[in-house]
Amino acid sequence: MQLPTIRSYFGVDFSGAKLAGRNIWIAGCVPGTKTLRLDTLDRLESLVGTAEREPALRHLVRLVAESNDAVWGMDFPFGLPVELFPPNFRWLQQFEFLAGFAEDAYVCGLECVRRSRASNRVLHVRRTTDTEAKTPFDCYHYRIIYQTFFGMRDVIGPLCRTPGTCILPFQYARLASAERVVLESCPSSTLKKLGLPHQNYKQPTGGPLTRKRIATRHAILSGLAQFVHIPPTYRRTIMRNPGGDALDAVIAAAGANRSFHSVDHSAISRHPRYKREGHLYV
């Protein structure tokens, strides 16, 4: 399958919280001599001037839409499991489903649980790609549903209608001529695939990092060095960010670059479930 020319790779560590811009980080990388080079690393709030979710996500969409020759790896589910919907229910129809819940992502998650219980007699169903990539949670788990809901509705929804934008794996017909490609990433799954530590590097309580988290981050950064060069200034930013969001953005960018050029795109485009519920590029 013919791939478009790519000159930059972005990783987005996403949040669906009310102050989403405070926790969303964007890492921008460019190809170097042997590896990628981390060129930018920003908290979305600092780019927008506010942390409020609606303007922050609107600005994120604009950043993607204005980029060229770029691949974007975004850390949130792009689709829901096929078991939640009638047979032959198309991916684009999932956005109509989400629109029925106004701003209430939690109620949307409860409806997903109700449907999975009715169809599979279990509370939660994983997408095929979640099982394959060993994601920490299913895509409507209470810890993930806000990311899924607002990421799909407010980011992927507008972008899938933007000329020149290709959302994988749903829009492979656009890939060869795409000006920008957006794919689903998962930093935790990427770390697992690379054989790097995937736990004990986040410190959501804030404050100075514990010794264990400092050691884990150094181990991750050492392993990432073969894929992306991180200048000292950005290393300090990563080590000073307690929640690990800045590091996750870099991992998402590195994973997007690695997977975009190594996966079998033809096979993914033909997969009966991926084109309806999504595929993780890790």
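Mentor: Welcome! A definition first: a charge sits over a ring if NZ of Lys or CZ of Arg is within 6 Å of the ring centre and within 35 degrees of the ring normal. Please keep in mind that this is a predicted model.

Trainee: Which ring does arginine 53 lie over?

Mentor: The cut-off for the distance to the ring centre is 6 Å. Arginine 53 lies at 3.7 Å from the ring centre, over the face of phenylalanine 150.

Trainee: How are the rings of phenylalanine 10 and tryptophan 72 arranged, stacked or edge-to-face?

Mentor: A pair of aromatic rings is described by the distance of the centres and the angle of the planes. The count here comes to nine aromatic pairs. For phenylalanine 10 and tryptophan 72 the centres are 4.1 Å apart and the planes are at 10°, so the pair is stacked.

Trainee: How many residues apart are phenylalanine 10 and tryptophan 72?

Mentor: Phenylalanine 10 is in strand β1 (residues 8-13), while tryptophan 72 is in strand β4. Relative accessibility is 17% for phenylalanine 10, which counts as buried, and 2% for tryptophan 72, which is buried as well. The pair links distant parts of the chain, with a separation in residues of 62.

Trainee: Then which arrangement do the rings of phenylalanine 97 and phenylalanine 101 have, stacked or edge-to-face?

Mentor: Their centres are 5.2 Å apart. Planes over 60 degrees apart count as edge-to-face. The planes of phenylalanine 97 and phenylalanine 101 are at 75°, so the pair is edge-to-face.

Trainee: Which residues do ring pairs link into a cluster?

Mentor: Two of the members are phenylalanine 97 and phenylalanine 101. Phenylalanine 97 is buried, with a relative accessible area of 11%, and phenylalanine 101 is buried at 16%.

Trainee: Moving on to charges, why does the pair of glutamate 83 and arginine 273 tie together parts that are apart in sequence, and how many residues apart are they?

Mentor: Glutamate 83 and arginine 273 meet in a salt bridge, at 3.0 Å from N to O.

Trainee: Which residue is linked with Glu83 and Arg273 in a network of salt bridges?

Mentor: Glu83 is partly exposed at 22% relative accessibility, and Arg273 is partly exposed at 21%. The network of salt bridges links Glu83 and Arg273 with Glu277.

Trainee: Is arginine 127 buried or exposed?

Mentor: Arginine 127 meets glutamate 184 in a salt bridge of 2.6 Å, N to O. The two link distant parts of the chain, arginine 127 being in the loop between α5 and α6 (128-133) and glutamate 184 in strand β6 (residues 180-184). At 1% relative accessibility, arginine 127 counts as buried.

Trainee: Which helix do glutamate 111 and arginine 115 both lie in?

Mentor: These two form a salt bridge, with their closest N and O atoms 2.9 Å apart. They are four residues apart, about one turn of the helix, and that helix is α5.

Trainee: And what is the area of the nonpolar surface patch made by Tyr106, Val107, Leu110, Tyr142 and Tyr146?

Mentor: The largest share of this patch, three residues, comes from helix α5 (residues 105-120). Valine 107 is in that helix and is partly exposed, with a relative accessible area of 36%. For the patch, the area is about 510 Å².

How values were computed:
Residues numbered from 1 in each chain as written. Predicted model: local features only at pLDDT ≥ 70, side-chain atom pairs only at ≥ 80, totals over all residues. Heavy atoms only, no water. Patch = residues over 30% accessible without salt bridge, like charges linked within 9 Å, V, L, I, M, F, W, Y side chains within 5 Å. Areas by Shrake-Rupley, 256 points an atom, 1.4 Å probe, with all protein chains shown as cover. Salt bridge = Lys/Arg side-chain N within 4 Å of Asp/Glu carboxyl O. Buried < 20%, exposed > 50% of the residue type's maximum accessible area, 1.4 Å probe, protein only. Phe/Tyr/Trp six-rings, centres within 6.5 Å; stacked < 30°, edge-to-face > 60°.
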